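I set out to record what I looked up in this structure, entry by entry. The notes below follow the order in which I consulted it.

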Amino acid sequence: MLYREAGDFKTSYGADNQTFPIRFDRYGYYFVLGFAFLVVPLFINDYWANSIVVPFLIYTIAALGLNILIGYCGQLSLGTGAFMAVGAYGSYKLMTAFPDLNIVFVIILAGFVTAGVGVLFGLPSLRIKGFYLAVATLAAQFFLIWLFTRQPWFYNYSPTGMISAPTREVFGVAVTGPRASAVAMYMICLCFLVSLAWLARNLTRGMLGRQWMAIRDMDIAAEIIGVNPLMAKLTAFAVSSFFVGISGALLFTVYLGAAEAGEAFGIDKSFLVLFMVIIGGLGSIFGAFAGAAFLIVGPVMLKLLLVNTLGWPTDLAAHLEIMIIGALIIVFLIVEPHGIAALWRTIKEKLRLWPFPY
Amino acid sequence: MSGQGGAMRDTGTDEGYTTADGRKIGGVAMEMRNITLRFGGVVAIKDISFDIRWGEIRAIIGPNGAGKSSMLNVISGFYHPQEGEVLYKGKRRPKMRPYQVARMGIARTFQNIALFEGMSVLDNIMTGRLHHMKANLLQQALWWGRASREEAENRTQVEKIIDFLEIQHIRKTPVARLPYGLKKRVELARALAAEPAILLLDEPMAGMNVEEKEDMSRFILDVNDEFGTTTVLIEHDMGVVMDLSDRVVVMDYGRKIGDGTPDEVRSNDEVIKAYLGVAHE
């Protein structure tokens, strides 16, 4: 009864076009935002921040970025891990070269660097489509990781081959390095995620998003009605890489603190983010959140349930966890091939008429 | 209907002519000169010349495989002919990509519906207004200034087209859920949204029942009447073609075998041969 649109009349196209046209949705969104910004920081501790919340926020940014590329523009990419590495190494080089530069700008600049690299590796998309493009982006994955592990300039000739993030502060509070508190880490990731999600939403509902989707749905027709495929595909690669780069920079500076390209940003990361996008729902902002939640929060919740609540041995629980998550992925894809976001949409459509569907 | 209009036409001057029902047809908008298009050894179009005048409804007809769709693809810049040239507004058109042709005010629909299935009807039609929106990436990302203003302005235009084609009720429906006839109408709406100078329709009535055909014919005539849009259409239904169009080009095996008013074409021997076959002596 609460969730309805009857009587909720829009008097301008702006109002009809907003992100949450249904009042109940809008209040729900304000509530979640308020909860995330005001309530969570009061309770968050190191365990929750490190095992669930911060990785969830960071991977959601990566999933948002990959979703723009795959879900909105239809260009398959397996280079996400490498692009995250570009963000991480970019932020490392910037931090060490300009120690006085604020970390927020460092991360944003790292995003721009990644956008440039993404455009470069997006160029083949003008000629190659589908699975063949995926293989071409795989080349980016292997080449960039090779570059970061074999070329000492990228890790400042450190003897271990690792990069590590020095302490940096925002408004006098340390957000990177060993002194960073859980709240600080959480807040900086949350601010980045909320603003990037807002940007992604604006881009996808505007003309650029429509051009991307036109290319995805039927590239020939898109070109005939006037979409420049070069421009549309390369902006998708640029924006997507910008997001992925920021997530890589955050993962390295805020979460990991120290990293080595081959280990932290291998091909498994590319697949992890790809699965988030597919399970969450292609072409949906909410899907990026849902997919990241499923693959980051899901395993931890299962572990808590099996080990802490049921008291099973840790190794048994670890194996069971993998099996259960795998089975759940298959179940989800059978029930709703278009991901959690589509499931959510169906529920909302039913709710609109509930409880009097006739 | 306007179809019998050729009687008073005067092709001698470039000022155009007036149809029987009083519509003014302007000068030459686009001219094909000796177009030849080959795919390897296959000659799809052989040395064809004809013109399209401002404000007229120009039909291209012919049996299957005659090269009609190829001709339309040449006009919309999708194929580049090996020989001959296309003159638009009196100037030779250089070799262009299709999106550049679209920017010059030429919109089209497809024989097999080519809508964006994953998007809503509204988004499909809004995509047609691509060249009327100029906000840059940053403005769009921040939804600020020009981006949100343009979105509302262009929505107003799109709503006019939605009203015009009577598709208000499916505005927010994903295109994939629509029946065939409505999809054809949405495709016309998307082409119209661009406010084209020349509208190319590739078999707009293929696979429709009588009622849907009547609706579509009415829309085509209304568009021509209200916006003065020059229309080039390919159609198999002879009744429709003869009723709608001002002038007809007839093609067979890649050659032009007839060109003129529906009446002239109907009494052309070669056209009758191509359509009815010819008795062997």
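**Notebook entries**

I began in chain B, where I found that B:Tyr88 stands opposite B:Lys91 in β7(B). I noted at the outset that the model is a predicted one.

I then looked up the strands around this pair of residues. Strand β6 of chain B, residues 83-88, pairs with β7(B) in the antiparallel sense, over two bridges. I traced the open sheet of four strands in chain B and wrote down its order as β4-β3-β6-β7, with antiparallel pairing. Its edge strands are β4 (42-53) and β7 (91-92) of chain B, each of which pairs on one side only.

Next I turned to the contact between the chains. How many residues does each chain bring to the contact? I recorded 24 residues from chain A and 35 residues from chain B. On the side of chain A that touches chain B, the elements giving two or more residues are α1 (13-16), α7, α8 (207-217) and α9 (219-224) of chain A. Of these, α8(A) gives the most, with seven residues.

Last, I examined helix α7 of chain A, which covers residues 182-205 and has 24 residues. From its first C-alpha to its last, the helix reaches 34 Å, close to the 34 Å expected at 1.5 Å a residue. I also looked up burial in α7(A): the buried residues include A:Ala184, A:Met185, A:Tyr186, A:Phe192, A:Leu196 and A:Thr204.

Notes:
Residues numbered from 1 in each chain as written. Chains lettered and ligands numbered in written order. Predicted model: local features only at pLDDT ≥ 70, side-chain atom pairs only at ≥ 80, totals over all residues. Expected span 1.5 Å × (residues − 1). Buried ≥ 20, exposed ≤ 12 C-beta atoms within 10 Å, placed from the backbone. Contact = placed C-beta atoms within 7 Å. Pairing = 2+ DSSP bridges.
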